[in-house]
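Subject: Structure handover, with notes

Dear colleague,

I am passing on the structure below, together with some notes on what was found in it. Please read them alongside the coordinates.

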Amino acid sequence: MSMEKPPLATGLARTRSEQLYESVAAAIKSPHGSMDANGIPATAPAAVGGGGTLSRKSSRRLMMGASPGRSGGAGTHIRKSRSAQLKLELEEVSSGAALSRASSASLGLSFSFTGFAMPPEEISDSKPFSDDEMIPEDIEAGKKRPKFQAEPTLPIFLKFKEVTYKVVIKKMTSSVEKEILTGITGSVNPGEVLALMGPSGSGKTTLLSLLAGRISQSTTGGSVTYNDKPYSKFLKSRIGFVTQDDVLFPHLTVKETLTYAARLRLSKTLTREQKEQRALDVIQELGLERCQDTMIGGAFVRGVSGGERKRVSIGNEIIINPSLLLLDEPTSGLDSTTALRTIQMLHDISDAGKTVITTIHQPSSRLFHRFDKLILLGRGSLLYFGKSSEALDYFSSIGCSPLIAMNPAEFLLDLANGNINDISVPSELDDRVQVGNSGRETQTGKPSPAAVHEYLVEAYETRVAEQEKKKLMDPVPLDEEAKAKSLRLKREWGAGWWEQYCILFCRGLKERRHEYFSWLRVTQVLSTAVILGLLWWQSDIRTPRGLQDQAGLLFFIAVFWGFFPVFTAIFAFPQERAMLNKERAADMYKLSAYFLARTTSDLPLDFILPSLFLLVVYFMTGLRVSPYPFFLSMLTVFLCIIAAQGLGLAIGAVLMDLKKATTLASVTVMTFMLAGGFFVKKVPVFISWIRYLSFNYHTYKLLLKVQYQDLAESINGMRIDSGLTEVVALIVMVFGYRLLAYLSLRQMKIAT
């Protein structure tokens with residue numbers, strides 16, 4: 001059989017036809033190719049109906065029939081990547097009737113269903129093109145990822161109607177009420193991805209936080225329902241909220257971060273091994289295997305990339321299998337490819353029956369078309385709610401169309417900003433602003449942004465708003481038992497109090513060990529110890545002058561280990577405030593477990609450097625070389641450190657501002673040092689009470705009593721006794737300052 005190649009034609013249709021021609025011709029000339037009675041390849045597809053249109057399935061079968069390996073069984077299979085490329089080309093060929101007819105004509109073949117039969121092995125090999133093949137690949141690792149686990153979960157149908165939010169701005173002499181959101185209405189169902197879009201300051205994050213239940217209901221208006229039921233704290237375990245900033249511990253690895261989250265948040269009914277396996281599953285689902293042992297990193301620590309860090313933040317929330325997932329600008333700072341992959345990942349999550357809501361600032365055109373629903377906000381008002389695919393049609397219907405080809409998202413954001421450059425001006429708007437020229441810009445003669453905004457709000461209210469509000473009246477497709485299930489949910493902790501404490505203790509120890517044993521801090525402590533040892537080298541206490549010099553050394557030790565822990569502990573709660581707010585809002589643990597773990601996890605680290613310090617100073621300066629005074633001196637310094645650390649924690653927890661806390665701590669420590677009993681022997685009565693609040697004073701007295709208990713009755717006016725009073729005073733400070741810090745944290749406002 002001979003087949004002449006048709007003349008070369010121009011255009012995409014002829015190009016694709018020639019490619020098909022070459023493929024089929026190669027199969028026909030192949031010695032392994034099988035022919036039917038008419039001389040046609042046995043696996044060649046038939047024409048649909050007789051009009052010559054190649055269907056998608058027929059095109060795929062044509063390519064399989066053109067493969068020598070498939071027709072004769074002796075060749076090798078086409079590589080998967082090549083198959084994907086051919087699949088794309090064939091889809092383009094079969095996209096239109098005219099194009100398909102041109103393909104059929106160029107082949108010069110007449111296909112018929114009469115006598116057509118596909119061999120059984122072809123049927124088993126011919127897997128239809130499914131969406132599973134379109135799962136995005138791990139760009140960095142270069143391999144495919146499985147879809148998210150479709151675990152059973154309670155579906156949440158979210159509805160919000162006439163939502164408003166106001167804040168009160170206090171000024172010097174008065175207060176002004178500012179409206180952030182005005183009458184926002186919409187809904188989103190399981191299996192859908194809703195995008196909140198608008199310019200900066202339009203209220204996207206506020207609306208997202210309100211839908212997540214993170215804003216106090218006392219300041220909001222309207223109604224927000226979950227399966228036609230109001231929000232309750234018990235829904236926290238069903239809602240995942242990803243903040244815009246990636247709030248993560250920089251010194252923990254990806255695996256450690258997700259493992260700790262799993263152990264704290266997953267149900268008590270799961271064993272530790274099951275929780276850790278769930279963390280590994282999430283790592284695989286998010287494509288993080290390559291960096292699972294890499295530290296997260298931060299401003300001063302190198303770690304994972306921005307896209308990986310964002311995926312870890314998402315993993316922290318999807319690890320609990322939430323029914324409702326909310327994300328605040330998950331694509332900010334990412335390149336277009338990584339952003340597209342992130343949005344595709346959200347689609348995979350929603351396909352598992354989850355409800356997904358995300359804010360988006362300025363998506364690419366590819367991202368925009370992947371959203372199911374869209375809310376466009378402008379100055380806190382609703383400009384559009386509906387299917388994202390119908391947004392351009394809606395704005396065209398009110399007279400706003402792009403005059404040039406542009407990204408749909410850019411077009412919508414221009415409208416939300418009131419910028420109508422390269423956008424057609426509706427005649428109704430033009431007529432309205434002509435009266436008095438009140439809404440027209442003097443330089444360009446176009447309607448002002450305020451006039452455009454007012455027109456868009458009115459157009460939506462009159463054309464669409466009432467229809468959407470009526471849709472909200474429809475009951476959700478759930479029976480009453482399923483609706484009530486969301487109310488019967490019990491507030492359940494993922495771990496008991498003791499387990500929470502142990503997990504947080506280990507996490508804190510791993511996170512802060514890098515900070516405590518940094519070369520800078522070790523050098524600071526050891527260099528100070530060596531300098532003290534050289535200045536007080538083998539000091540002699542047999543003379544009054546030598547005794548006075550050594551008392552000065554003991555006072556410096558009391559001051560140094562009172563000053564150092566205060567300014568270390570000050571940063572504890574202010575630096576972890578964002579993490580504390582995030583984790584407490586998600587009900588990860590009880591505050592008491594966190595506080596005790598946070599304060600005690602520092603103790604093992606706090607004891608190492610002081611021990612090295614005293615080992616150097618004690619023997620270089622010639623203090624009492626005896627086990628009893630040495631260990632008592634060590635215990636005295638440790639007690640001072642714990643008390644000083646409590647003061648730093650209290651100041652940081654009360655103020656929660658590093659500048660204010662540092663200023664207050666400087667003044668406090670300086671006052672305690674001056675009242676410590678070394679510089680001033682006789683303090684006026686009306687201010688002498690300060691010294692009893694000073695841990696420097698009590699530590700100094702204890703060190704004097706330990707070193708000179710059998711040598712003198714008094715030194716520098718201080719009587720040498722058992723020291724029980726000073727020990728009790730320091731113990732009271734240890735617990736008193738920490739109690740103040742804990743109560744301050746209890747009063748700290750968090751999103752409920």
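Helix α23 is mostly covered, since eight of its 10 residues are buried, where helices (H or I, at least four residues) and strands (E, at least two) are DSSP runs numbered from the N terminus, and where buried means under 20% relative accessible area, exposed over 50% and partly exposed in between, with a 1.4 Å probe and protein chains only. Before going further, please note that this is a predicted model, in which local features need pLDDT of at least 70 and side-chain atom pairs count only at pLDDT 80 or more, while totals for chains, interfaces and linings use all residues. Residues are numbered from 1 along each chain as its sequence is written, and side-chain values use heavy atoms, with hydrogens and water left out.

The buried residues of α23 are Leu591, Ala593, Tyr594, Phe595, Ala597, Arg598, Thr599 and Thr600, and they pack against α18 (497-516), α21, α22, α24 (603-620), α25 and α28, a contact being heavy atoms within 4.5 Å. Thr600 is buried, with a relative accessible area of 18%, and, not counting residues up to four places away in sequence, Thr600 touches Tyr501 and Phe505. The C-alpha atoms of Thr600 and Phe505 are separated by 7.4 Å, although these residues are 95 apart along the chain. In the loop between α22 and α23 lies Asp587, which counts as buried at 10% relative accessibility and has a phi near 55°, a positive value in a residue other than glycine.

**Helix α28 and the annotated spans**

Helix α28 (residues 724-747) has 24 residues and should span 34 Å at 1.5 Å a residue, and its end C-alpha atoms are 35 Å apart, which agrees; the expected span is 1.5 Å times one less than the number of residues. Its buried residues include Glu726, Met733, Tyr737, Arg738 and Leu745, and the buried residues of α28 pack against α21 (572-575), α22 (577-585), α23 (591-600), α25 (627-655), α26 (658-674) and α27 (695-707).

An unreviewed UniProt entry places the feature "transmembrane region" at residues 551-574, 595-619, 631-655, 662-680 and 727-745; UniProt positions are given in the numbering used here, feature names are shortened, and annotations may be inferred rather than shown by experiment. In the model, residues 551-574 are 92% helix and 0% strand, with end C-alpha atoms 37 Å apart, while residues 631-655 are 100% helix and 0% strand, with end C-alpha atoms 36 Å apart.

**Nonpolar cores**

A nonpolar core is taken here as a set of buried Ala, Val, Leu, Ile, Met, Phe, Trp, Tyr and Cys residues joined through side-chain atoms within 4.5 Å. The largest has 92 residues, and those with the most contacts inside it are Ile357 and Phe395. Helix α16 (residues 449-472) gives the most to this core, with nine residues. Apart from this core lies another, of 47 residues, among them Phe573, Ile642, Ala643 and Ala665. Leaving aside neighbours within four places in sequence, Phe395 is in contact with Leu376, Leu383, Tyr384, Cys400, Phe411, Leu412, Leu415 and Leu456.

**Individual residues**

Thr185, in strand β2 (residues 175-188), is buried, with a relative accessible area of 4%. The side chain of Thr185 reaches the backbone nitrogen of Glu162 at 3.0 Å, which falls under the term polar contact (a pair of N or O atoms within 3.5 Å; within protein, one must be able to donate a hydrogen and the other to accept it, and residues adjacent in sequence count only if both atoms are side-chain atoms). Beyond four places in sequence, the contacts of Thr185 include Phe160, Leu382, Phe385 and Leu472.

Asn227, in the loop between β4 (220-226) and β5 (229-230), has a phi near 55°, again a positive value in a residue other than glycine, and counts as buried at 1% relative accessibility. Arg302, in the loop between α9 (272-285) and α10 (306-318), is exposed, with a relative accessible area of 81%.

**The protein overall**

The secondary structure comes to 28 helices and 12 strands, and of the 752 residues 51% count as buried. Among contacts between residues at least 6 apart in sequence, 74% join residues at least 24 apart.

With best wishes
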